[in-house]
Amino acid sequence: MADSGSEDIAVIGNTDLTPLESENNLKNTMVEKGTSLLKKMEISVAEAEKRTGKNAVNMQETYTVYLIETRPVDAASEGTNPVLDSLWKRYSEFELLRNYLLVTYPFAVVPPLPEKRAEFVWHKLSADNMDPDFVERRRVGLENFLLRVASHPVLSSDKIFYLFLTEENGWKETVFETGFQAKADSRLKALNATFRVKNPDKRFAEMKHYGDELQSVISQLLRVRARAADRLYGVYKVHGNYGRVFSEWSAIEKEMGDGLQSAGHHMDAYAASVDDILEEEEHYADQLKEYLFYADALRTVCRKHELTQYELEMAVQDLTSKKQQREELATGTIRTFSLKGMTSKLFGQETPEQREAKLKMLETQIEEGEEQVKERNAECDEFVKSAWVDIERFKEQKDHDLRESLISYAIMQISMCKKGIQVWNNAKECFNKM
Amino acid sequence: MSAGTPRSLASSGQKSIQDICHPLSAEESALSRIPDVLNPGSDLILPNGTPVDTSSPASSSSLLNRLQLDDDLDGETRDEQKYNITTEFDLPEYSVRRRYQDFDWLRNKLEESQPTHLIPPLPEKFVMKGVVDRFSEEFVETRRKALDKFLKRVADHPVLSFNEHFNAFLSAKDLNKRQGLALLTKMGESVKYVTGGYKVRARPVEFAAMGDYLDLFTQKLGTIDRIAQRIIKEQSEFLMELREYGPVYSSWSSFEEDLHDPLEGVSGCVSNCSSALEELTEDMSEDFLPVLREYVLYIESMKNVLKKRDQVQAEYETKLEAVVFREDKKTPVPSDVEKCQDRVECFNADLKADWDRWENNKRQDFRQLLTGMSNKNILYYEKCLAAWESLIPLLQDKQEAKGETN
């Protein structure tokens, strides 16, 4: 196992992170002991920058790029100056990577990207994509995404992922060359179509239901939390008015003046403290959002399983009908209605040669059909096996991460209460001096 | 919204109303028991120079008033809360039951009979039905404290404590007759002052300063009142959101296994914080806002006193002017002009002394009010802190337990 300990492997390279953020990132990323990639390299999304350029339709556009830094683990632990690989990527490239992974590993619960547009905002928070706070939170989210992929037992060894981290130019072309796009399109079409599975797998159905419920409850939580944040902001800020009026009042007082004036300052401090409080809470909201999107990834896997199952069932059905046709042809009995059968009855039997030819064709089709059923069966089994392994892994990760999130949320609340007590104690001291 | 049946309040024992002869007719012997509870630092000398007669039963420092709440015995006067007032010298001497309107009567009589003095304020008379529960324990208690403060301040005052109405209030069984008269005389008095019509020419600087200060101070109090109301409103709306927020964690826990307890814990925690917040807003509504409003009313009455002083001075100035321009310079200044001068000087002296007393009381009152506000907020945060801190081990516990079973 890694000598530096599992926590050191996921060290974040960005020193701009507050201790809480670092802690959160560490806690949020469950580093699998078996992941080869993170044993070799440290990954971080260090910075964000604005760029302008021409887009596909030759129009000027402004966009943000993110700096991905990787460095070999060994060099860092030896204390020598590590070789830094760094390249800039846009959000859209992250999206491309994720789509590729989704198609290539359909059984995997693929880690989600941070949201494209700010949602569940409370009114002071900017919904503008260019807002520096939003960009910063997105940077953290993208880093989290990379770390999660890098710690995934299957996804971490993907070549395209590796190239994403190491190749700046030409990576996009490489991805497209894999031809995943076509597969993606057909998959998407099939997934979006409505189909009914005859024997749904109970476990997957339950999982899908769980994913639905998780998505619904987290959405609700985020919505109410945003409204509460708005109100809390109001409560704190109005106290700032006390600061002003105490100051004015102290001007017309003699002995009471000093106490009032200093108390007023504490009221101002109290009002100002809410900005930091809510900024910290936003991290909690981001952690919840990650699992909101994870719920969607989970549902996607269940849906893909359904599709696989459906396709198997279709193949079986097809094979069965072909076999039946052969039987009828061989024995001459028509058990199933077919237009051909009717016409042949009406207009006379086929010639033995025609029958032979038909039988032969059916035989080949049946052979192919059996092959296909075998394949699809194997596919299905394989899918179920791998998916279920990943779902179990995901469940453990989710339980761990969300528990950690709740703990850090409680810690945030404790800190807020302590600050409140301190401010009011300070104010009380001043009032006592009045 | 009608008031519910008053809950039975803890009574510290009913003291029988003792039939004591009116204090003003008391014999000397009965008064020899008066302990000297004089505040060593204070000089009990009337503003006009005469020392306080400490042998009077109503002398300020020998009175110890205690207010006790009592149930309404007959029940038909449900709408009127009665207060038990006990006046002690050493042992309980007088015990009477009074309603709020009796206090109101007393204050009016004091204002009439001692127009040159600042009379301490009463808690607000009118409370909006449906906003504040007039029979809630908290409301009655708050009012009781304010009424107690009122009586103590009157008892503390070197002049007011001698007032006959005050004595009657403390000792007489029945105040009813006086109430009717009070209404008439009050009207008469106010008419007298309004139609004065004199304009003061040389208002002394200190009284002008008092007036200016009171105007500014009232403004500030109004602002503080508005801010406090706004905060209460915002807190109430925050509370509403919290009451929706907590239960979401509960419904989440219902379809989780490992996370069930942690999520339930968070839900419970948020619920505790909600209750704490509700208590904070209620306290502020019941304790903080009323005091501010009382002060505004108090200041109104003080401004009236200042106006009266101006009028008395104006009257004097007019009369003086008439005399200055009299034909016969040899005849002495008529006595009524001298009386006027006396009145002005007395008034000014009384007012100055009372102003200082008022400033002191004001300082105390606001120190108490604002530290009270701080305490309420501290208590709120302490409750929330306790809730969240007790949650942490619960959140971490399962992890360790799970680690062991793994």
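Reader: At what angle do H10(A) and H13(A) pack?
Author: Helix H10 (residues 202-251) and helix H13 (residues 352-432) of chain A pack at about 15°, and their axes are 14 Å apart. Axes are lines fitted to C-alpha atoms, for helices over the stretch in contact, with angles from 0 to 180 degrees between N-to-C directions. H10(A) is therefore roughly parallel to H13(A); angles under 35 degrees count as roughly parallel, over 145 as roughly antiparallel, 65 to 115 as roughly perpendicular and the rest as oblique. Helices (H or I, at least four residues) and strands (E, at least two) are DSSP runs, numbered from the N terminus.

Reader: Which residues make that contact?
Author: On H10(A) they include A:Phe204, A:Met207, A:Tyr236 and A:Phe246, and on H13(A) they include A:Trp388, A:Ile391, A:Lys395 and A:Trp424. Contact means heavy atoms within 4.5 Å. The residues of this contact divide into 13 nonpolar, one polar and three charged. Here Ala, Val, Leu, Ile, Met, Phe, Trp, Tyr, Cys and Pro count as nonpolar, Asp, Glu, Lys and Arg as charged, and the others, Gly among them, as polar.

Reader: What are the ground rules for the model itself?
Author: This is a predicted model, in which local features need pLDDT of at least 70 and side-chain atom pairs count only at pLDDT 80 or more, while totals for chains, interfaces and linings use all residues. Residues are numbered from 1 along each chain as its sequence is written, chains are lettered from A and ligands numbered from 1 in the order in which they are written, and side-chain values use heavy atoms, with hydrogens and water left out.

Reader: Turning to A:Leu362, is it buried or exposed?
Author: A:Leu362, which lies in helix H13 of chain A, counts as buried because its relative accessibility is 6%. Buried means under 20% relative accessible area, exposed over 50%, partly exposed in between (1.4 Å probe, protein chains only).

Reader: And what does A:Leu362 touch?
Author: Not counting residues up to four places away in sequence, A:Leu362 touches A:Lys322, A:Gln325, A:Arg326 and A:Leu329. A:Leu329 is 33 residues from A:Leu362 in sequence, and their C-alpha atoms are 9.7 Å apart.

Reader: How does H5(A) pack against H9(A)?
Author: H5(A) and helix H9 (residues 180-192) of chain A pack at about 70°, with their axes 10 Å apart. The two helices are therefore roughly perpendicular to each other. A:Leu96, A:Asn99, A:Tyr100 and A:Val103 of H5(A) meet A:Phe180, A:Lys183 and A:Ala184 of H9(A). By class, this contact has five nonpolar, one polar and one charged residues.

Reader: How many residues of H5(A) are buried?
Author: Ten of its 14 residues are buried, so H5(A) is largely enclosed by the rest of the structure. Among the buried residues are A:Tyr91, A:Phe94, A:Leu97 and A:Leu101.

Reader: What about A:Asn58?
Author: A:Asn58 has a positive phi of about 60° although it is not a glycine. Most residues other than glycine have a negative phi. A:Asn58 is found in the loop between strand S1 (41-54) and strand S2 (60-72) of chain A, and at 56% relative accessibility A:Asn58 counts as exposed.

Reader: Finally, what is in each chain?
Author: Chain A has 13 helices and three strands, and 49% of its 434 residues count as buried. Chain B has eight helices and three strands, and buried residues make up 47% of its 406 residues.
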